[in-house]
Amino acid sequence: MKSLRRLIYPYIAWLTVLIIIPFLFIVLATISTFHIFNSYTFRFTFDSLRFLTDPIFLNAFKNSIKFAGITTVICLAVGYPVAYFFANIKSKNKTLYVALLIVPIWSNMIVRIIAWENVFKPVSILNLFNLSFDMIGSDIAIIIAMVSMYLPFMIFPIYAVLDKMDHGYIEASRDLGANSFQSFYKVTLPLSLGGIVSGIIMTLLPAMTAFALPERIGGGTTILLGNLIEKEIFRGSFSTAATVSFVVMIVMLGFFMLIVRFDKEGETLL
Amino acid sequence: MRKSVIISVLAVFVMFSVSLVGCSSKEKLYVLNWGEYMNPDLIDKFETENNVKVVYEEVGSNEEMEIKLKQGITDYDIMIPSEYMIDKLSQENLLLPINYNLLTNLESVEFFEDAKVLYEEEDFGQYLVPYFFGTVGIMYNTNNELVKTALESENGGFCTLFDETNDFRVGLYDSPRDTIGAALMCLGYSVNSNNDAQLGEAETLIETALAKSLGSIRFGQDDLKGDVAKGNLDLALVYSGDYFEMVFEYEEEETDIEFDYFAPNHTNIWIDAFVIPNTSKNTDLAHKFINFFLDIDNAAENADWVGYTPVISEVYDVMVNDYGYDYDHYYPQPEGSSREVFKYLGSEHAQKLNTILNAVRIS
């Protein structure tokens, strides 16, 4: 066993070079004038923290929370029944049906985003059916696209929990006089809570940091945190970009601690 | 333990060695340019003539060029940024003055006077050799005849972009300098205005248009030209180069062209030019490279491939007479028009413009 331990060293090297060092750079850039390309102006400063009160940051933060929140609620409302349905299917083709849910994730996300973008523009394939939308830049367009992107991430953790659940519990609750609603509410739902939390986090986090989707469908007037980071970097303002990234990381860390609390064995983290 | 160190070192080594693939022993010239902005056959020709290797890299924006230069990973010998970036880089002492004596082909060519006056007197004039030039203007879809009428009306031009009463679907450039510049020019001010009152007026103009347009105005970048061509937008703020690109694409696909370009009477001229950054280790070869593209035949072949308006008058004539180009309609500076170039007015000014665009975006 001990001899195998050596195999971990390349991974540690990889992790250090590509994750830990860049992370330290981000932290450093947040609290100083550190600029990876001209270190000669280096000094510690908390100037970039002031960006956190800038209207554009507050707006991006608000937008991120709003769109991620709405998307997550819709995904949960749609995803739970779907997961429940698939978990309770009594067909020998069950695996096939579940696999069909994964198929959309196989195509590249950018391709799917551009597909939505084209559908939301006035001149699109929908013209063949005498339909024409002009929805680029509207909230509803962003939400529709986000839900379609992240729905599978909600369904699978819930499905995983529901599928593994011992049906004996439900039978027991029915034997003890609970009606089907009561047994769902008192037994199935609490037992699937771990899956729900994982699903929420796996939807909420990528939706909050979404970048390409609001970039293509937001029409340049709806800005999320991901877009703000990109804009700041291309403006050459690395420290404000680092500050925003740092805020995003703290939020993510908070959510991750939440998931660990609800799901101690980590079984729902696919 | 030793083995583990070796394995770790190997892992890191593999990562870095990947980036070294493709080295050879010939003298090298590092060129940083925009995408599809130089005929690759001519680069091959230059390589063969001088027995050198040109390491050619492409970027999508002036800012990206700046970042690449400042990274210092590659010691670029030649870059082709636009005028305001040349201004900025020269102010930051990142460029080497051009030694015009080494450019022997300069004797037989003449740059357009109209373009020349715009940079000649500027401090950054000594750092550049012009490559192509054009205007900032409006690309519009010809299916809606009202657009053309509006653009040509007395209060048309750039003001059409901000006139919400027209009910047009408008695309603005997602860049503070260009969009605020268009608003300033609509108001009759200089594109380089640093006057807070004038900038405030520009901000109000864009803000009101956005508020009243109810979503029919949006910001974009490379997608704007395609959207106007397809009819997803009625008009958009673009660079003349964007328009040419779309025309060539449609001609190649043999699709009907239902769009046109309008350059308002008062607009700004973009000039992309060769510069030699101070990272250059091979300035003689860099000058040779620039000189190569000042040769009329080479420049004409290049202009035919790129498709933009050449800045050398002799090449312009060759393009019109021999290649059959019709630039008349797109000549950057027709009689009676007033033209300016963008200047770099310091980081505070850039920050000011950025704040304005951010403010109108979230209002």
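Me: Is Lys352(B) buried or exposed, or in between?
Reply: Lys352(B) is partly exposed, at a relative accessible area of 26%. Buried means under 20%, exposed over 50%, and partly exposed in between (1.4 Å probe, protein chains only). This is a predicted model: local features need pLDDT of at least 70, side-chain atom pairs count only at pLDDT 80 or more, and totals for chains, interfaces and linings use all residues. Side-chain values use heavy atoms, without hydrogens and water, residues are numbered from 1 along each chain as its sequence is written, and chains are lettered from A in the order in which they are written.

Me: What does Lys352(B) form a salt bridge with?
Reply: With Asp196(B); the closest N and O atoms are 3.0 Å apart. A salt bridge is a side-chain nitrogen of Lys or Arg within 4 Å of a carboxyl oxygen of Asp or Glu.

Me: Which residues do shared partners join into one network?
Reply: Glu117(A), Lys121(A), Arg216(A), Arg218(B), Asp223(B) and Asp227(B), through salt bridges.

Me: New topic. What does Lys116(B) meet?
Reply: Its side chain meets that of Glu110(B) in a salt bridge, 3.3 Å from N to O. Lys116(B) is buried at 18%, while Glu110(B) is partly exposed at 38%.

Me: How many salt bridges over all chains?
Reply: The search of the whole structure finds 23.
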